[in-house]
Amino acid sequence: MNFTMQDLSKEMLIIAALRQIPFEGWTKAAFKKAEEAEGLTAGTYAAYFPGGLPDFIKALHKWVDGEMQRKIAAQPDFNEQKIREKIFRCVMARIHTVAPHREAMRRLAGHQLLPWNKIAALRDLGCAVDAMWKLAGDRSIDYNFYTKRILLSGVYVSTLHHWFDDTSEAFESTQTFLRARIENVLKFGKFVGGIKEKFGKKAA
């Protein structure tokens, strides 16, 4: 697919680059290859992502957030579901968004483990889990706000790593894994909440 400057958008540029990353890795070479493959003017990526790879990765996560919200909005029964089901759907919506680019996302996971990328990686993960909790209707402002996001971070990361090697139909293995992880952390969250409530009463 060749893009014209009239219909060019960050979303199109992100998808075009993701097609090249399995071959070029998370490098500027992927941008150059994408420009060549799509018939774009050299320097297009530099114009749209002046901060280079960090800027591109930030835009990628924002795009995934938006796609997740659109997929959830297309589910009329979403707000009627329990929290565990809402979180399940949010995670799977994100996975289905990037499913055509699994190898690129696998490489991104490795890229973000590099020491100089860890702060940005934690920031992006924090934004992702916050977006999921808010979409699920979370309005907590006490210690639960942080507890929920820490727990979901572990669920999300472990599920992604499971998905990287999932060859089952419709990612059934990933879905089973995710449901089990959600149940585990909900039980743990209730346990921690009960302990804190108990000690809070004692302190009072």
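The accessible surface of the protein amounts to about 11500 Å², as computed by the Shrake-Rupley method with a 1.4 Å probe. Carbon and sulfur atoms account for 60% of this surface. The model is predicted: local features need pLDDT of at least 70, side-chain atom pairs count only at pLDDT 80 or more, and totals for chains, interfaces and linings use all residues. Residues are numbered from 1 along each chain as its sequence is written, and side-chain values use heavy atoms, with hydrogens and water left out.

The protein contains nine helices and zero strands, where helices (H or I, at least four residues) and strands (E, at least two) are DSSP runs numbered from the N terminus. Of its 204 residues, 43% are buried, that is, under 20% relative accessible area with a 1.4 Å probe and protein chains only. Contacts are defined by heavy atoms within 4.5 Å. Among contacts between residues at least 6 apart in sequence, 67% join residues at least 24 apart.

The largest nonpolar core has 53 residues; such a core is a set of buried Ala, Val, Leu, Ile, Met, Phe, Trp, Tyr and Cys residues joined through side-chain atoms within 4.5 Å. Trp26, Tyr45, Phe56 and Leu60 touch the most other members. Two or more residues each are given to this core by α1 (10-24), α2 (28-38), α4 (53-73), α5, α6, α7 (118-135), α8 (143-164) and α9 (172-203). The largest share, nine residues, comes from α4. When neighbours within four places in sequence are left aside, Phe56 is in contact with Leu13, Ile14, Ala17, Ile21, Trp26, Phe31, Tyr45 and Phe49. In soluble globular proteins, nonpolar side chains tend to be buried together.

Helices α4 and α7 pack at an angle of about 15°, with their axes 11 Å apart. Axes are lines fitted to C-alpha atoms, for helices over the stretch in contact, and angles run from 0 to 180 degrees between N-to-C directions. α4 is therefore roughly parallel to α7, the term covering angles under 35 degrees. The crossing of the α4 and α7 helices is right-handed, meaning that the near helix is turned clockwise from the far one by less than a right angle. On the α4 side, the contact is made by Ile57, Lys58, His61, Asp65, Met68, Gln69 and Ile72. The α7 side contributes Arg123, Asp124, Ala128, Ala131, Met132 and Leu135.

His101 lies in the loop between α5 (83-98) and α6 (102-111). His101 counts as buried because its relative accessibility is 11%. Residues up to four places away in sequence not being counted, His101 touches Ile15, Leu18 and Arg19.

Terms used:
Buried means under 20% relative accessible area, exposed over 50%, partly exposed in between (1.4 Å probe, protein chains only). Angles under 35 degrees count as roughly parallel, over 145 as roughly antiparallel, 65 to 115 as roughly perpendicular and the rest as oblique.
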